[in-house]
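Please examine the sequence and the structure shown below.

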Amino acid sequence: MLIRQFFAQKKCVLSLEVFPPKTEPGWEKLQHLLREAKKMDPSFISITCSAGGSGTAGIPTSQVAAFVKNEVQIEPLTHITCVGSSEADLNDNLQHLMASGIRNIMCLRGDINPELPLHKDFLHASDLAAYIQKHYGCFGLSGACYPQHHPEAASLLEDVQNLKIKEEAGVTHLVSQLFFDNMHFYRFLNLARRAGITLPVSAGVMPIVKRSQIERTVSLSSASLPSEFTRMISRYQDDPASLYDAGIDYAVKQLRDLIEGGADGIHLYAMNDAAVAAKVYDGIRDLL
Ligand code: FAD
């Protein structure tokens, strides 16, 4: 089923994101999460990829997607980055996905690595989406958006205007970068709607349950930290059990507000942790 169709059927579409593990124990842990995830009844599960292409040093994105589709029977959203790909690389990947019955693709540029050669075939996610749309009409296309704007964009307005190009290229659904203050999401959505972007948007939320997650997550996402969040971290930084509970509570509060505030969808960055995903789900299931 194409992801866009879920938004026509449900008031708020629940989805999860996982990443391909690098080791066999990691893959077993992820399979456990994916089987447990069935109880949460998410409409789709997205699977990230490395910036250089679909695979990682470990389990390939396409293998996780096939497991989600065939074993767990949930719709996978398979991420593809284009920054390091030639047209030939992309065609190989797309033909493989098509043969595996994958129908939904998250079109991404990927972060530019100055140490790697830059293929000029696809400079932006919109180039990737336009190519797939033209040559492979069977895929549903999603794209990324950034409530606090992409770091390369001069402003939120400029970033939103570039999203319009993504929509015109054939993207029919957006997933947002994570954020810790819903005000940023509502402001972004308001601007996007005023710019004429009508696509459904899944709001991305990541529960922060460990101190080690904070620095990495914040630097990768460029999300700013509201005072309520930093107070929680400083209060519990030396008390892992309390930080875990407070992190779940924070994410649940954010998600409940988003659902009640009318978000088209909520996207849980589950970090391959079944227990965290289940606890967050328990806190929001009555609203879904
Ligand atoms: P683009 O849409 O190309 O945007 C990049 C910059 O270019 C922005 O500043 C934008 O305003 C501008 N721009 C966009 N289109 C145009 C245009 N046509 N003309 C001029 N300027 C334009 N990375 C991974 O490596 N693997 C993943 O699995 C992955 N999953 C992600 C999932 C989500 C939900 C999000 C939000 C990000 C994800 N990323 C992933 C990170 C992403 O690859 C980086 O943020 C990357 O730097 C930008 O990718 P993009 O697809 O948003 O690029």
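This is a predicted model: local features need pLDDT of at least 70, side-chain atom pairs count only at pLDDT 80 or more; totals for chains, interfaces and linings use all residues.

Residues are numbered from 1 along each chain as its sequence is written, and side-chain values use heavy atoms, with hydrogens and water left out.

Eight strands form a closed barrel in the order β1-β2-β3-β4-β5-β6-β7-β8, with parallel pairing. On average, neighbouring strands of this sheet are turned by 25° against each other, direction ignored. Axes here are lines fitted to C-alpha atoms, for helices over the stretch in contact, and angles run from 0 to 180 degrees between N-to-C directions. Helices (H or I, at least four residues) and strands (E, at least two) are DSSP runs, numbered from the N terminus; two strands pair if DSSP finds at least two bridges between them.

Strand β8 (residues 265-269) pairs with β7 (residues 201-205) in the parallel sense over four bridges. Within this pairing, Gly 204 has His 267 as its bridge partner, and Ser 202 has Gly 265. Strand β1 (residues 13-18) also pairs with β8 in the parallel sense, over five bridges, and there Val 13 is the bridge partner of Gly 265. Five of the five residues of β8 are buried, where buried means under 20% relative accessible area, exposed over 50%, and partly exposed in between (1.4 Å probe, protein chains only). In a regular strand the side chains alternate between the two faces of the sheet. Accordingly, Gly 265, His 267 and Tyr 269 point one way from β8, and Ile 266 and Leu 268 the other way.

Strand β5 (140-145) is likewise mostly covered, with six of its six residues buried. Gly 140, Ser 142 and Ala 144 point one way from β5, whereas Leu 141, Gly 143 and Cys 145 point the other way. β5 pairs with β4 in the parallel sense over four bridges, and Asn 104 stands opposite Gly 140.

The loop between β3 and α4 contains Val 83. Val 83 is buried because its relative accessible area is 8%. Leaving aside neighbours within four places in sequence, Val 83 is in contact (heavy atoms within 4.5 Å) with residues including Ala 51, Arg 109, Ile 112 and Phe 122. The C-alpha atoms of Val 83 and Ile 112 are separated by 6.7 Å, although the two are 29 residues apart along the chain.

Most residues other than glycine have a negative phi. Met 271, in the loop between β8 and α11 (274-284), has a positive phi near 50°. Asn 272 lies in the loop between β8 and α11 and has a positive phi of about 60°. Met 271 is partly exposed, with a relative accessible area of 36%, whereas Asn 272 counts as buried at 5%.

The second largest pocket holds about 230 Å³ of space. Its lining has 13 residues, of which Lys 10, Cys 12, Leu 14, Leu 287 and Leu 288 are the closest to its centre. A pocket is an open set of points, on a 1 Å grid over the protein atoms alone, where a 1.4 Å probe fits, with protein on both sides within 12 Å along at least five of seven lines; lining residues have an atom within 4 Å of a point. Its volume is the space filled by probe spheres set on the points, which are joined across faces, edges and corners.
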